[in-house]
Amino acid sequence: METQPIITIPFIPGDGIGPEIMAAAQTVVDQSLEKAYGGKQRINWLECPAGKTAFEKTGQWLPAETLQTLKSHTASIKGPLTTPVGGGIRSLNVAMRQEMDLYVCQRPVRWYEGLPSPLRNPAGLDVVTFRENTEDIYTGIEYPAASPQQQAWLNSFRAAMPEDYAKIAHPEQCGIGIKPISKPNSQRLVRAAIQWALENKRKRLSIVHKGNIMKYTEGAFRAWGYEVADIEFTDETFSLQRYQAILKAGGAQSAEAVKKQALADGKLWVDDVIADVTFEQLITRPQQFDVIATTNLNGDYISDAIAALAGGVGVSPGANINYESGRAVFEANHGSAESLAGQNKANPSSLILSAVMMLRFLKLGEAADRIDQALAATIRAGQVTFDLAAQIPGAQLLGTREFAAAIISRL
Ligand code: NAD
């Protein structure tokens, strides 16, 4: 991708604390570009309405023009949106992901020295989760107990598979949810994760699943994931599955030798870990994880858990990406925190780090690196917003704008 001197980036300020943290992130990005490229590289910020603020002005939660603008630009960035409660309105974030087929939810989490962590030793924690973003139980095919849809579904199920129907304990009183997991969508997710891991010289990719129980959804995700690694990336990866095949055919010594050689040659080690074991190991030895590729629901839980280990969602960024179309929407991971709005208190780190991801996606790595190291130095110096200050002894409490200024002074 050729980088243009002026890149137009649509942005949604968002609701609640959104506009404040967006302004902080934009100033930091503008200044980093200035420092890194001396005026030769700029961003033209294009404001797009969405969320509660847009609804109050235009009567639409997600105006069609906003969606069209996001679809026609390589990268966009958004602040948190307040999800309307009730009234049958889908989550705007889910709507955006589905409309643009943003099939990867990518969440890198790194521990920065000085951040509070529940771990005894958080040093070296650096995990990037690739969460499948389009299917699993998030497709929203769900029927309440005793509803006409649930009854229609149960009737046809009973007619087609009476023995399985008999396994349902209380058919008349049970909600039904459907969990579709497909081969193409699983494989494009794992493909994107492997590609990213290789480009970023990562060492290990773990396929996380609950295939021991859900064989044809989660278990299939695992099998399809290995297929991508072993067939499409034969020369660049070495997998646990290939290791086990050699073990079976030639014994432990030859399997070990082949693995040792593959890793010495810089190949990416691809293995799989059951979801519950992943949580256990994340708490006891998180440094062993590197890149995780997983299904939608697992990814939802796991990425928040990893964020908590590294200082919380306030400092963990995220992006929704379609690596095939090259479109991406970068976003803060937390919500709109309405009670903090307009007080210059909110922590803008999550959105700033999302902007760092965006700059890397746009191949503006030098500006990204500058922000990353400046943010790390600011936290290390104990200069933080109120959410972190309360947990760091001797911290200097800064407002949203002052925290951004402290980062800029270190660019
Ligand atoms: P929230 O993330 O807004 O707040 C949870 C807690 O974290 C609150 O105590 C809040 O004060 C604090 N917090 C959040 N961001 C902070 C920041 N940057 N700095 C300091 N403290 C911060 O979650 P919620 O209250 O469950 O949700 C509020 C609204 O946001 C809801 O409408 C929800 O649907 C929406 N939401 C949107 C997104 C998104 O747009 N991606 C994500 C989550 C929630």
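Which helix or strand gives the largest share of the lining of the second largest cavity? Keep that in mind as we walk through this predicted model, where local features need pLDDT of at least 70, side-chain atom pairs count only at pLDDT 80 or more, and totals for chains, interfaces and linings use all residues. Residues are numbered from 1 along each chain as its sequence is written, and side-chain values use heavy atoms, with hydrogens and water left out.

**Stop 1: helix H3**

Select residues 64-71, which form helix H3 (helices, H or I of at least four residues, and strands, E of at least two, are DSSP runs numbered from the N terminus). Colour Thr 66, Leu 67, Thr 69 and Leu 70, which are buried (under 20% relative accessible area; exposed is over 50%, partly exposed in between, with a 1.4 Å probe and protein chains only). Looking down the axis of H3, you will find its buried residues within an arc of 160°, so they line one face of the helix (the arc is that of the directions from the helix axis to the C-beta atoms). Ala 64 and Glu 65 are exposed on the face turned away from that buried side. Now show what covers the buried residues of H3, including strand E1 (6-12), strand E3 (75-78) and helix H4 (92-99).

**Stop 2: Asp 136**

Asp 136 is buried, with a relative accessible area of 0%. Its side chain makes a polar contact with the side chain of Lys 179 (2.7 Å) (a pair of N or O atoms within 3.5 Å; within protein, one must be able to donate a hydrogen and the other to accept it, and residues adjacent in sequence count only if both atoms are side-chain atoms). The backbone nitrogen of Asn 296 is 3.3 Å from a polar atom of the Asp 136 side chain. Leaving aside neighbours within four places in sequence, Asp 136 has contacts that include Ile 178, Glu 218 and Leu 297 (contact means heavy atoms within 4.5 Å).

**Stop 3: the cavities**

The largest cavity is lined by Val 94, Arg 97, Gln 98, Arg 131, Asn 133, Thr 134, Tyr 138 and Asn 296 (a cavity is a set of points on a 1 Å grid over the protein atoms alone where a 1.4 Å probe fits but cannot get out; lining residues have an atom within 4 Å of a point). H4 gives the most to this lining, with three residues.

Finally, select Lys 78, Asn 93, Met 96, Arg 97, Leu 102, Asn 320, Val 329 and Glu 331, which line the second largest cavity. Here is the reply to our opening question: H4 supplies the largest share of that lining, three residues.

Key:
On a 1 Å grid over the protein atoms alone, a cavity is a set of points where a 1.4 Å probe fits but cannot get out, and a pocket is an open set with protein on both sides within 12 Å along at least five of seven lines; lining residues have an atom within 4 Å of a point.
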